[in-house]
Structure formats: structure tokens, C-alpha cells
Amino acid sequence: MKTSSINTERLASLVTRHIISREESDKAKELLKANTYKQHTPWFVHALQGIGAWLSALMFIGVFAFMRILDDATELIVAGVTLLSIALINTLYTERSKSSYTSQLLFAISITGHALIAISIGVMLNNVYIAAISLMLISILFLLFYQQSGHKFLSVHLLLISLLILANDQKALDSMIILQILIITVLNCRMWLYESRYISSRYHTIFRPIQYALISTLLIGTGILDQFHHELSYQESKLTLPIHEIIAIIFFCCFAWLIHHILQRLEQSWKSISSLSLFAITLILCIIFYQSPSLLAALLVLLLGIERNNRILIPLAIIALIYSLGGYYYNLELTLLHKSLLLMASGILLFAMGMISHRYTQKNNNKGKQHYDHA
Amino acid sequence: MEKYRPAIQQRPDTSWLYLLASQLPLAPQQLETALQKLTVIPNKAIWLHWLNLLLLSVGSGLFLSGVMFFFAYNWEEMHRFTRFSLIASGVMITAISAWWYGVNTLIGKLLLTAAAVLTGVLLATFGMVYQTGADSFMLFSSWAILILPWVFVSRFQPLWLLTLILINTAVFTWASITPLNWHAPDQAETLALLIPSSINIIVLLLRELTSFIHQPIANARWFSRTLIFWLLCVLSYTPIHSAIETNISTVYQVFLILFYIFVLASLTYYTLFIRHDLLIFTCVLLSIIAVLISILTQLLDFGREPVINFMLMGLAIAGMTALASQLLLRTARKWEAITQKAIA
């Protein structure tokens, strides 16, 4: 690992290009020396901590189940609030001196507290809305004051789920679904495309977990929508709006926004033939896959991942893409023969497009090389 | 033809710049310009590379799944020779096209992968038409053997992965049908775990050795990481199973547990002292935690004292994961300090 030397070189190149000043570079070097692995914990360490905390929380819920506290909702609420208070007070007053064991234990205690509140109000008192409101308030509190990134990720998820529950009106199910997809998709595009604004702001510690939570909500949400595709079709008489068509339009608008942003950044005219053909391809994709929002979501996440060079988003989107593509062809109401022919035809079409694009890239590279040699 | 070199691998990590942006008063526009100038955010060439890669790989994937679905259906109307000639011509066309494009290009590599997959389709159709009665072990093993020359020629990691999947599947299916399974099931199980693991280890060793010689592929760690993850999953099975069953009755189980410990120790040594790879070290620690949890599950009597034992288990899991994450972060810092010292 030679990150330090590479970073020093990069800082020097930023100074020579007048992007940062020499003083900023010196300060940056000091910061990097002190903080390299203190501040930046790899995602898989966060994942390990998260898995550990969830497993521990399950065991603690088991403790409450065997203590017979789970039978009484009031006792359970008291237990939940106590656990949440322990986690929050501890994190507020002993943040610096806390050992990793205490921090992990508090994470598990906090998850247990959240679960107990959800079980007691949502399941035992059978009031989903009050459970959602309480979880929303708790999530906001933890998001603002609990320092661990893994917990912030959980809090954002809980906040989004609570909002989805609160906004879920059975009488206007279709408009609610559309509204939720619209908000989450637009927020995703906004937060990832203008990432620099959020990262360099005062509240940068909150934005990272929000970004990832929004991505996972979009992928999971559209995945669930795909799963219930048949049920929704069955209920078609109850639905007044063409859900899939409107969602496809939302996705097309987001794709267009993303492509426009990229073209603008690369100083390419959106009126050129290649740019217009990109818009046309996305339009065709949205028309073909309008019945599978998860596929369009995976594609959007993939493009966002490439645009931001994010090493978590790209593999995540590829997995989601394979899964949703498989689901799409499986759910197609066609015979096996027609399905296979459709697969082969779309495969050949994409491969041919890839070959043309590959040739164009090579031609451009050669042109660039010739120009360079000539110069 | 241009030699295929993934441009993405050479791009720098973004985390350090984000760290700076959060600590220094770096303006958003300043950060964005820095990201662009350092090609952290892709330029036109990288975008085109991604576009090509996506179109070609998704296209070939869809086409091959279409072919498989087409022949998976037992077409009565189609004469067997028509079926064979269709697939065989597919194999020939893709193989010749790969040679035409050159096996060092991305298109050539993908075409060769397509030829390898179509070979399997051909073998499966042959078995289906003539009802050879051959076991799936025969199908997977002959498929793997037949495509092996292409695998060597292509030097394409996804094709290597496909071959390893075929070999592993062949051995697992062999273990379920071999007469050894009825006479000495422990022996059959041991072989089923040991043979593919040994092959995977040999490939892994070769891969890692060549990555030291051939530097550009050293950056692409996904193949080794996938292999190590799979290896640990397979080898962790015996200690976890033995702990849950509270039974180490045969010499084979003892041997497999010792083998698991040996692999674990070697991987730990390799990642800590030779190739600094925190993700692999995390996988090793995760495997140890899984084995320890299964041992604890047996040691604690949940039926008699559930409250205390659930509590103990929860505390133990939190303790183990906390210890593991602390160890990981400390190791990362230590590696960073070594690098700093080397620079100084």
C-alpha cells in the first residue's frame, strides 16, 4: 500500500494546477498523516460491525422474550425507551473515551431498543401510524446525535420506512407509490451528482449515510414493486393511474438529467448526434423495460456509480441489474421459444452496439495519437 | 488490435480527497475540479470504456442465456442434427471470431467465453438427445476439460471463474453419486471438500504469484477475493457442522479441521505480511467468528437458562465483532505507518 506517497504526488499536482494553494496542501498533508485510517473506515468494517450488532440485538430480543416482558406492551415500551436512552446518553457523554467494545454493545442495545418500540406499538398495540411517528422521531434524534456511521445508515433507513408508512394511504395507493418513487429517485440524483456540495459542508457526516440509504431504499423499493407487479395488475380496477408508465417517465427524466449533467461536465454539446442518440437509447430502454422499475433503478444507480467512481455503487448496481434482468425475463408472459428469441435478439443488438462503440473509441484513440505524434 | 487494459483499475481512490474536503475549508467547486483533474471522476475515454464494457458484456450475457433457454426446451419438431449443427456452428463462429479479433482484445475474450458456454450447451443437448444416462458429473467435468485450452489462451478472469465453478460443481455432484458415498460417506464428503479446495488453492497461488510478476493484474483483486471467500465458506463448513453436532467422530473430520486451520493461518500470514489486503483479512476474521459462534451455541445450554445464555451470547457476539473491527483498523493504521516510514 503506497497511498501516502500517491496522495502526496496528487496534492503536488493539484498545487501546480492552481486548484489548491501551497498552504492548503501543507495542511492537507498534516491532516492525511494524522487521519488516514482514523476517519476513513472501510465499508466492510462497517458491514462487520453492523452484522455483529444485529446478531447481538437478536440475542437481546431473545432475552426479553424469555423474561416474559414481551407479553406486556407497556413494559416493553419502558424497556425500549430505557435501552435507547442508555445508547444515546452514552454516546453523547463518552464519545471520545469509549472503547470499541462499548461502542459495539451500544449499537446492539440501540437496535434492540428500536425493535422493542416497533414491536410494542406496531404489533401489540396494533397502531402502525403511532409506531412510525415514534420511530421517525427516534431516528431523527439518533441521526443528529449518534456518531457512528453504521447507525446513521440504519437511522436514515428507519426514517424513510416511517415516512413511507405514514404516506401510505390505501385510498390513493397508486399516487402514493408514484410520489415516493419520484422523491427517492430525484433525491438520489441530486445527492450523488452534486456530492461535492454536501461532502464539503458542515454536515458531511450525515450526508454519506443518507446517500447510501437512499440508494438501498431505491433498489429495495423498486424490487418490492416488481415483486408485487402481478398483484398490482390484478388490482388494476382499483388503480386509477398507470403506475408503471408514470414511473418509467420519472426514470427517463432522471436519466435525461444525468446524461445532460455528464455531457455538460465533459463539455459536449447535447445537440450533437451522439448525445441525441444517447437520449434516444435511454428513451427506448425506458419504453422496453417500463414494467420493471427495479431494472431502471439498477441502471440509474450504475450510471451514478460510474459518474462518481464509487466502488460500492458499481458492484451493487451490477448485482441488482442481473437480478432484475433475470426477473424481467422470467415474468414475461411469453412462451419459452419467444423468450429465448427475444433474449438472443436483444443480446445481439447490444453486442453489435458495443462493437460499433468499441470501433468508434479505437478510431478516436488513433486520431488522438496521430494528433499527439504530429504535435 | 489494441490490447485490452481496463482503465478503471488505474484510477485513484476518492476517499482521501473527501476526507480533505471535510477537514479543510475546500469549496465544492474546488473539490469537483480536483476530482476531475485527477480523473477520479471519469473523463470521456473512461466513460466510453465503461459503455463498451457494459454493452458487450450485457449483450453477450443476454445472447448466451437466450441460446441456453432455446435448447433447454426439448424441441421435438427440430431434428437432432439440426440442433447439433446449430450449436456447433455457434461454437465455431464465436471461436473463429475470437481468433479474428485477437484473444487479447475485450471482444475476443468475450467471444471465447461465449464459445466456452456454447460447448456446455452442446454437451447438454447431446446428453438430452441420446439419453446417454451420463451423470451431471460427466457433463460438468467434460465441459471443464474441453474448454481448458481456451481458458489458458484467453487469460480472462471471468472465464477462469467459470471453469472453477464447473470443476467445483463436478466434484460436488460426483460426491453425491459415487459408491463411496454409501460405503464411507465421511470419506466421500472429505474428498468433495478437499479436491475442489485444493484446486482452488493451486489456482489462487498461481494467480497471486503471477500478479507479483505481472503488475497490472495485481490491481484487479476481485478474482482472488472471490476465490478466498468461496474457499473459506467451503472449509468453514466442517468445523461449524462438527460444533453444532458436537461430534468429531472420524479421522476425516479431524483432517478437514486441521486443513481449515492451516488455510486460515496461511491466509492470515499472507495478508498480514506479504500482500496487505484488509478485505481478505476481514473474511478470515468473519470465518473465525462464525466457527466460534457455533461452538458457543453448543456450549451454552439455551434450554435450561435461556435468559442468561441469550444475554451471554449477545455480549459475546458484540465482543467478537468489536475485537475484529479494532484489529482491522489497527492493522490498517500499522500498514499506513510502515508506508510512511518507507517514504521517510
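Modeller: A residue can join a patch when its relative accessible area is over 30% and it has no salt bridge, and nonpolar side chains are joined within 5 Å. The model discussed here is predicted. On its surface, A:I89, A:L92, A:Y93, A:I140, A:L141, A:L144 and A:F145 form a nonpolar patch, and together these residues have about 700 Å² of accessible area. Two helices of chain A, α4 (73–93) and α6 (128–145), each supply at least two residues of this patch. The largest contribution, four residues, comes from α6(A). On the other helix, A:L92 is a member of the patch that lies in α4 of chain A. Why is A:L92 described as partly exposed? The term applies because its relative accessible area is 44%, a value between the limits of 20% and 50%.

Elsewhere, the second largest pocket holds about 1,400 Å³ of space. Its lining comprises 41 residues, and those closest to the centre are A:L278, A:I281, A:M353, B:L51 and B:L55. Helices that each give at least two residues to this lining include α13 (273–288) and α16 (336–374) of chain A, as well as α3 (44–72) of chain B. By type, the lining residues are 33 nonpolar, seven polar and one charged.

Chain B, for its part, has 14 helices and zero strands. Of its 344 residues, 49% count as buried.

How values were computed
Residues are numbered from 1 along each chain as its sequence is written. Chains are lettered from A and ligands numbered from 1 in the order in which they are written. This is a predicted model: local features need pLDDT of at least 70, side-chain atom pairs count only at pLDDT 80 or more; totals for chains, interfaces and linings use all residues. Side-chain values use heavy atoms; hydrogens and water are left out. Patches are made of residues with over 30% relative accessible area and no salt bridge: like charges are joined within 9 Å, nonpolar side chains (Val, Leu, Ile, Met, Phe, Trp, Tyr) within 5 Å. Accessible areas come from the Shrake-Rupley method with a 1.4 Å probe; for residues, only the protein chains shown count as cover. A salt bridge is a side-chain nitrogen of Lys or Arg within 4 Å of a carboxyl oxygen of Asp or Glu. Buried means under 20% relative accessible area, exposed over 50%, partly exposed in between (1.4 Å probe, protein chains only). On a 1 Å grid over the protein atoms alone, a cavity is a set of points where a 1.4 Å probe fits but cannot get out, and a pocket is an open set with protein on both sides within 12 Å along at least five of seven lines; lining residues have an atom within 4 Å of a point. Grid points are joined across faces, edges and corners, and a volume is the space filled by probe spheres set on the points. Ala, Val, Leu, Ile, Met, Phe, Trp, Tyr, Cys and Pro count as nonpolar, Asp, Glu, Lys and Arg as charged, and the others, Gly among them, as polar.
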